[in-house]
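Q: Please take a close look at one part of this model, residue by residue. Then show me how that part sits in the whole.

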Amino acid sequence: MTLMERMTMTDQPLLRVEGLTKRYGQRIGCADVSFDLYPGEVLGIVGESGSGKSTLLSCLAGHQRPDLGRIAYDGRDVLEMSETERRRLSRTDWAYVHQNPRDGLRMGVSAGGNVGERLMAVGARHYGEIRGKAADWLGRVEIAADRIDDRPSAFSGGMQQRLQIARNLVTGPRLVFMDEPTGGLDVSVQARLLDLLRGLVRDLGLSVIIVTHDLAVVRLLAHRLMVMKSGRVVEQGLTDQVLDDPQHAYTQLLVSSVLQV
Amino acid sequence: MIRIENLSKSFTLHNQGGAVIPVMAGAALSVGPGECVGLTGQSGAGKSTLMRMVYGNYLAAGGRLMVGDLDVATAEPRQIIALRRQTLGYVSQFLRVVPRVPTLEVVAEPLLALGTPADQARARAASLLRRLNIPERLWPLSPTTFSGGEQQRVNIARGFAHAYPALLLDEPTASLDAANREVVLSLIEEAKARGAAILGIFHDEAARARVCDRLVDVTGFTPKAAA
């Protein structure tokens with residue numbers, strides 16, 4: 001399927017979430033979250049620490065089981081799937097980029113191995129092809145070819161994050177979950193990563209759910225924005241509309257609290 | 001192409017005692033294909049607010065806001081995203097880009113987003129930058145470090161890269177020298193000639209007289225103060 005077909009075939013949502021709720025005992029993780037995500041769309045989720053955005057992301061990605069609600073991926077009920085099926089989905093169609101690259105990489109394995117491993121997990125066996133594809137992806141995330149045999153522990157934070165992205169995207173996923181992917185990086189490194197992500201989203205037609213507390217990041221990356229507070233979605237809409245004409249009291253506070261540079 | 005009926009807008013300031021500030025009521029206008037309509041009225045009268053509403057950047061409180069056959073006032077975000085990608089362009093007064101992205105890419109981006117082959121998109125971007133007198137040695141650099149006038153011209157090049165059927169122009173000739181102002185006015189005339197519907201704010205009176213077919217004073221859309 002070409003990119004244009006993927007972009008124009010937007011009648012069916014890729015992900016449909018209805019009434020998702022997760023409790024930790026009496027405490028609400030997230031409550032009654034519903035949204036649709038279409039192919040090629042980037043959805044930003046913002047909110048302060050403890051707002052439930054990370055809980056929501058981990059429920060969506062299958063790391064936690066929600067108490068209530070439905071998740072349909074490409075028309076299939078994710079929560080009803082067998083564990084094997086779900087694991088296969090998260091190795092092929094889905095990707096998850098952790099805030100800390102150490103959580104998403106194998107630090108004792110070479111950069112090329114980190115990327116190749118994902119390919120082998122989906123059945124690639126030909127060494128030359130795996131290495132070639134790994135080298136290609138390192139190039140796409142701007143890691144020099146002569147670093148392919150180095151371990152990620154020898155990389156800077158920004159390079160590790162780019163390597164994690166290469167490892168995630170090498171299998172051609174359609175849906176990517178990102179948890180604060182630019183958190184903890186220097187501003188100049190952040191800009192480079194944002195530029196890279198934008199290009200990849202556009203060229204590969206990826207659907208992305210990105211959790212962050214950085215409003216500047218979502219403005220540049222996300223088409224749509226969801227604002228969470230105390231586990232609930234208080235406002236959602238077009239990113240620039242939510243940021244420039246916020247309707248909810250909490251969003252107004254959030255937007256007006258950002259320091260102007 | 002653009003048809004506005006009985007449009008209203010208010011801002012509710014929840015963190016300032018829930019004050020509701022009505023800023024627009026009963027706004028109406030239309031812009032046909034090949035036509036350029038200029039918005040007039042004093043600073044603060046609501047020209048930019050109206051433009052932002054047409055672009056879907058500000059939410060409408062009520063009324064209809066048709067761009068093509070989409071009512072922006074009630075459309076879903078993804079419908080507005082598609083509208084902005086294909087149909088409705090906006091040249092704002094500020095350039096907002098990812099730092100580090102080369103100028104040539106910034107200008108080519110709207111075309112790349114439409115799936116135009118990269119070499120074609122870059123060729124179009126290059127010809128616009130050349131016309132707008134941005135020296136070729138600056139093309140590989142990010143426009144974030146450029147002067148105000150250069151950024152404005154990059155912004156214009158980006159806005160004109162794709163032949164949008166409808167265009168919003170917010171002060172497109174501000175901070176430009178005579179030669180570049182002339183280029184921008186020709187770009188507007190060419191867009192009109194190919195049938196684009198243009199809604200604009202022009203403080204430059206000579207420019208307004210030259211490209212605008214009609215003027216609409218937004219002062220008439222100011223809500224009457226409640227008695």
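A: Start with B:Asn133, which is partly exposed at a relative accessible area of 41%. The model is predicted, so local features are read only at pLDDT of at least 70. B:Asn133 sits in the loop between α4 (118-131) and α5 of chain B. Look at its backbone. Phi of B:Asn133 is near 60°, a positive value in a residue other than glycine.

B:Arg100 also has a positive phi. The angle is about 85°, and B:Arg100 is not a glycine. It occupies the loop between β6 (88-91) and α3 (103-113) of chain B. Its relative accessibility is 36%, so B:Arg100 counts as partly exposed. A glycine joins the list. B:Gly56 comes after α1(B) and has a positive phi near 85°.

B:His162 lies in the loop that runs from α5 (148-161) to β7 (166-170) of chain B. Is B:His162 buried or exposed? It is buried, because its relative accessibility is 16% and the cut-off for buried is under 20%. What does B:His162 touch? Leaving out residues up to four places away in sequence, the contacts are B:Arg85, B:Gln86, B:Leu111, B:Leu114 and B:Arg194.

Take B:Arg85 from that list. It belongs to helix α2 (residues 77-86) of chain B. With a relative accessible area of 23%, B:Arg85 is partly exposed.

Next, helix α1 of chain B. It covers residues 47-54, and B:Thr49 is in it. How many of its 8 residues are buried? The count is 6, so α1(B) is largely enclosed by the rest of the structure. Those buried residues are B:Lys47, B:Thr49, B:Leu50, B:Met51, B:Met53 and B:Val54.

Step back to chain B as a whole. It has 7 helices and 9 strands. Of its 227 residues, 51% are buried. Its radius of gyration is 18 Å; a compact globule with 227 residues would be near 17 Å, so the two agree. The C-alpha atoms fill a box of roughly 60 × 35 × 35 Å along the principal axes. Among contacts between residues at least 6 apart in sequence, 70% join residues at least 24 apart. The accessible surface comes to about 9,900 Å², and carbon and sulfur atoms hold 52% of that.

Where does chain B meet its partner? One place is helix α11 of chain A, residues 249-256, where A:Tyr250, A:Thr251, A:Gln252 and A:Leu254 are buried. These buried residues pack against β1 (2-13) of chain B. They also pack against β3 (42-46), α9 (215-221), β9 (224-229), β10 (232-238) and α10 (239-244) of chain A.

Chain A itself has 11 helices and 10 strands. Its radius of gyration is 18 Å, close to the 18 Å of the globule rule for 261 residues, so chain A is as compact as a globular protein of that length. Its C-alpha box is roughly 55 × 45 × 40 Å along the principal axes. Buried residues make up 52% of the chain. Chain A exposes about 11,600 Å², with 48% supplied by carbon and sulfur atoms.

One more site is on chain A. The second largest pocket has a volume of about 460 Å³. It is lined by 19 residues, and A:His63, A:Arg87, A:Ser90, A:Arg91 and A:Arg118 are the closest to its centre. The lining divides into 6 nonpolar, 6 polar and 7 charged residues. α3 (83-92), β6 (94-97), α5 (111-121) and α7 (157-169) of chain A each give at least two residues to it. The most come from α3(A), with 5 residues.

Methods: Residues are numbered from 1 along each chain as its sequence is written. Chains are lettered from A and ligands numbered from 1 in the order in which they are written. This is a predicted model: local features need pLDDT of at least 70, side-chain atom pairs count only at pLDDT 80 or more; totals for chains, interfaces and linings use all residues. Side-chain values use heavy atoms; hydrogens and water are left out. On a 1 Å grid over the protein atoms alone, a cavity is a set of points where a 1.4 Å probe fits but cannot get out, and a pocket is an open set with protein on both sides within 12 Å along at least five of seven lines; lining residues have an atom within 4 Å of a point. Grid points are joined across faces, edges and corners, and a volume is the space filled by probe spheres set on the points. Helices (H or I, at least four residues) and strands (E, at least two) are DSSP runs, numbered from the N terminus. Ala, Val, Leu, Ile, Met, Phe, Trp, Tyr, Cys and Pro count as nonpolar, Asp, Glu, Lys and Arg as charged, and the others, Gly among them, as polar. The radius of gyration is taken over C-alpha atoms; the globule rule is 2.2 Å times the number of residues to the power 0.38. Buried means under 20% relative accessible area, exposed over 50%, partly exposed in between (1.4 Å probe, protein chains only). Accessible areas come from the Shrake-Rupley method with a 1.4 Å probe; for residues, only the protein chains shown count as cover. Contact means heavy atoms within 4.5 Å.
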